[in-house]
Amino acid sequence: MAQIYAYIVHKDGVADDSALELITAAQKIDAGTGVTAIVTGSGENLDRVCNEMAESYKEVYKIDNDAFAYPNAEVIRKVLVNILPGDSIVLVPHNTFGMDLAPGLSIKMDSAYASDVVDVEGMDGSTLKIIRQEFGGQVSTHVNVDISGGAVITVRPGPFAPDESKGAGGQVVDKSGDIGDVSAKRKYLETVVQEAGDVDITKSEVLVSVGRGIEDEENIEVANELAEAMGADVSCSRPIVDAKWLDKSRQVGTSGQTVKPKVYMAMGISGSFQHLGGIKGSPFIVAVNKNPKAPIFQVADVGIIADILEFMPELTEKISEG
Ligand SMILES: Cc1cc2nc3c(=O)[nH]c(=O)nc-3n(C[C@H](O)[C@H](O)[C@H](O)COP(=O)(O)OP(=O)(O)OC[C@H]3O[C@@H](n4cnc5c(N)ncnc54)[C@H](O)[C@@H]3O)c2cc1C
């Protein structure tokens, strides 16, 4: 079995939650092979992430260069091709950056590519059996991937439990001298910080989150009333922001905010991976949806099959009676 590598996404010296989830995915591919973390960056923040990863990974490749001060998939692709053996299995989180990095990496490494993997069934010879989801999560697809010539696999954040065991006592290996040319056509210009909205949903303990099931802008008020009765804040899925019914600062998801509430009420939200990717910290998820097959029910602690336009006012009324 070829060596498995996990690309670690991090920001401001803090590793993304996906870092520990990739260990679990790697162990499902081959429990016997240790996994090597690859951390690119520069300065103190890089050291902090490398040391943190050494608690969980047996080996950590540290790649320190000013070219990595900002995420630039073009440069990182070059570096990975230079330092990794051609038959490597490279795991990358299926987030915005991973989706930029991974397809081109598989082409440059001339290896197999599997994206948005939600589960690993195991190995059969040189065939890796994985599960992906299609049609917005309504269909699970079982895919056989020939990994004899290596593979780049993007792993969906969430479905793999993080490996919290720690205590790996891993070794940090400085690979900065081996990376070769880091020139790139793509240049970093600036970071545009998102404007703060009226409510900071990243700090909310209870969220009443509305999706397309809310049907009409006028019905947002129904969610506002429930949130007020519960002492919660209102958040939403992306279509609600696209329709301009709520401000962008209230959008939960990979292209919105990352929230860590104690309770997440998903009202008329189907449960796309882009939406779920913004929910961290294992909150208690209550999903209300009129479609019993909605993917949100796979991650919900409590699932209620109901029309939210009937359910929300009724719940508000009951809470207000008390
Ligand atoms: C690059 C990219 C980034 C993205 N980033 C994000 C992101 O950050 N956040 C995000 O949310 N999405 C994001 N998306 C969009 C994402 O793919 C989904 O399209 C979106 O999450 C779907 O939102 P939804 O669940 O509200 O709508 P839908 O998928 O349309 O689901 C609506 C649900 O409501 C239910 N429903 C309808 N009427 C009722 C009713 N009366 N009562 C109860 N249930 C009802 C339906 O059964 C359905 O399950 C992104 C997409 C891309 C391509």
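Let me start with Ser209, whose bridge partner in β14 is Ala266; two strands are taken to pair if DSSP finds at least two bridges between them, and helices (H or I, at least four residues) and strands (E, at least two) are DSSP runs, numbered from the N terminus. Please keep in mind that this is a predicted model, in which local features need pLDDT of at least 70 and side-chain atom pairs count only at pLDDT 80 or more, while totals for chains, interfaces and linings use all residues. Residues are numbered from 1 along each chain as its sequence is written.

Strand β12, residues 206-210, and strand β14, residues 263-267, pair in the parallel sense over five bridges. They belong to an open sheet of five strands with parallel pairing, in the order β13-β12-β14-β15-β16. At the edges are β13 (233-236) and β16 (302-305), each of which pairs on one side only. On average, neighbouring strands of this sheet are turned by 20° against each other, direction ignored, where axes are lines fitted to C-alpha atoms, for helices over the stretch in contact, and angles run from 0 to 180 degrees between N-to-C directions. Helix α5, residues 220-230, packs on the sheet and touches β12, β13 and β14, its direction making about 170° with that of β12; contact here requires C-beta atoms, placed from the backbone, to lie within 7 Å.

Turning to another region, strands β7 (residues 112-124) and β8 (residues 127-134) run antiparallel and are joined by six bridges, with Arg132 in β8 as the bridge partner of Val117. These two strands form a hairpin with two residues between them, and Gly125 in the turn has a positive phi of about 65°.

Note on methods: Contact = placed C-beta atoms within 7 Å.
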